[in-house]
Amino acid sequence: MIRTSWKFLLAVGLLCAAPAIARGQQDQQAYCTYVMEQAQAQRNLLRTPTATAGFTQPETGLPMQLVGGATLGLSDVRKAELTMDVARKNCELYKATTGAQQEIQYALPSLEKEALLNRLTLIEEASKSLGALIAQTAKMLETQNATQLMLFTLQTTRIKLEADRADTRAKLSAIYVPPLSDQPLKELVAQKQGSEESAQRVLDKLSRQNNWDVALTVGVHQQVNPIAQGAQPYGQVSVSYNLASRAINRHLDRSVQAHDEWKKVEEGDVVRQMEVLRQQLVDCVMVQKAKLRSLEEENKQIDKSLQLVAAPDTSAAFDFHNQLAATQLLLQIEAADAGFRIDRLREYLAKNY
């Protein structure tokens with residue numbers, strides 16, 4: 001039988017980590033490139049003067065004129081700058097959000113993977129102890145102090161251990177966990193909330209620019225009929241202000257606060273998902289604690305029985321001792337596995353909440 005060490009499996013996982021990190025960075029970079037290109041297009045549109053041309057007749061009875069010029073609003077120039085700020089904040093928000101979401105999504109699979117790797121170690125240790133019992137029983141069988149049935153009982157236990165090992169490896173191979181951040185989850189979520197608030201405030205500033213404008217228009221006009229000699233320059237400055245600006249700004253400020261409150265209760269947001277994960281972890285601890293208590297009680301009963309046959313002097317007593325020892329090995333794997341899971345779950349809760 002070919003046996004693969006869990007350390008080898010862990011090494012393979014580490015080798016696969018670099019491509020996974022690269023894929024995550026590529027996703028974030030691709031999104032940031034997209035939003036920055038969109039923002040740059042809008043920025044160029046806003047800060048470039050608008051060219052105008054047409055015919056006009058200033059007053060009834062005056063000759064028709066050909067007019068050409070360009071107009072640029074100061075509000076548009078400010079919007080161009082804020083548009084780039086919005087894009088940068090959206091990029092930061094996307095990175096923070098995907099980082100927190102990934103940590104939440106793969107927290108339980110990551111803990112499960114650690115537990116399975118630890119279980120492989122427990123199975124390996126139990127296999128060595130069982131191998132010693134089998135070797136001892138085999139020697140006694142050669143001297144006719146044991147029966148073939150006694151050896152078969154231990155071999156059956158070894159079959160169970162090998163089946164457990166194969167099942168554990170199969171579960172490990174089915175779990176995908178990308179490289180996760182070393183930062184606690186509470187910090188990742190706090191960063192996401194901070195980025196979201198910053199993005200909303202920049203959007204607020206951008207929306208405020210619609211309340212006012214100072215536009216400068218320059219150009220030339222030429223009399224068409226009859227054609228006059230030479231084009232005449234002209235210039236114009238216009239100021240606009242929305243009379244509801246104060247009310248609009250007040251609602252915009254409230255919208256930022258309302259957005260923060262909405263995100264706290266949104267079912268799909270990371271704040272809500274973080275709380276759901278915490279409850280799942282707490283439930284898992286309770287389940288594993290109940291399992292551990294049951295296993296410990298069963299192990300105590302086996303210990304009492306082993307004390308009765310601590311020094312077996314008959315083949316029947318030795319057979320009973322071997323059966324108890326083999327059963328205890330299986331129980332110890334389950335108990336140690338449950339204890340490891342409880343410890344890791346508690347450590348994760350203490351670090352991330």
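Guide: The disulfide and its surroundings

A disulfide joins Cys32 to Cys91, with an S to S distance of 1.8 Å. The model is a predicted one, and a search of the whole structure finds one disulfide. The torsion about the S-S bond of Cys32 and Cys91 is about 85 degrees, so the disulfide is right-handed. Distant parts of the chain are linked by this pair: Cys32 lies in helix H1 and Cys91 in helix H2, 59 residues apart. Both cysteines fall under the 20% cut-off for burial: Cys32 is buried, with a relative accessible area of 4%, and Cys91 is buried at 11%. Another cysteine, Cys284, counts as partly exposed, at 32% relative accessibility.

The structure holds three aromatic pairs. In one of them, the ring centres of Tyr31 and Tyr34 are 6.4 Å apart and the planes stand at 50 degrees, so the pair is tilted. Tyr31 and Tyr34 are three residues apart in helix H1, and therefore about one helical turn separates them. Tyr31 also forms an aromatic pair with Tyr94, and this pair is stacked, with 4.1 Å from centre to centre and 20 degrees between the planes. Tyr31 is partly exposed, with a relative accessible area of 27%, and Tyr94 counts as partly exposed at 23%.

The mean pLDDT of the chain is 85, and 90% of its residues reach 70 or more. In the chain, confidence is lowest in helix H1 (residues 6-47), at a mean of 70, and highest in helix H2 (residues 74-105), at 93. Over residues 1-21 the pLDDT is below 50, and this stretch has 19 contacts in the model beyond near neighbours in sequence.

The largest nonpolar core has 15 residues, of which Ile104, Leu185, Val189, Leu277, Leu281 and Tyr348 touch the most other members. At least two residues of this core come from each of H2, H3, helix H5 (185-208), helix H7 (270-308) and helix H8 (315-352). The greatest contribution is that of H7, with five residues. Leaving aside neighbours within four places in sequence, Ile104 is in contact with Leu185, Val270, Gln273, Met274 and Leu277. A second, separate core of 13 residues includes Ile123, Ile134, Leu161 and Ile333.

Two further elements complete the account. Helix H3 (residues 107-142) has 36 residues and reaches 53 Å from its first C-alpha to its last, close to the 52 Å expected at 1.5 Å a residue. Just after H3, Gln144 takes a positive phi of about 65 degrees. In helix H6 (residues 245-265) is found Asn249, which is buried, with a relative accessible area of 18%. Not counting residues up to four places away in sequence, Asn249 touches Arg208 and Asn211.

Conventions:
Residues numbered from 1 in each chain as written. Predicted model: local features only at pLDDT ≥ 70, side-chain atom pairs only at ≥ 80, totals over all residues. Heavy atoms only, no water. Helix = DSSP H or I, 4+ residues; strand = E, 2+ residues; numbered from the N terminus. Expected span 1.5 Å × (residues − 1). pLDDT = per-residue confidence, 0-100. Contact = heavy atoms within 4.5 Å. Buried < 20%, exposed > 50% of the residue type's maximum accessible area, 1.4 Å probe, protein only. Phe/Tyr/Trp six-rings, centres within 6.5 Å; stacked < 30°, edge-to-face > 60°. Core = buried A, V, L, I, M, F, W, Y, C linked by side-chain atoms within 4.5 Å. Disulfide = S-S within 2.5 Å.
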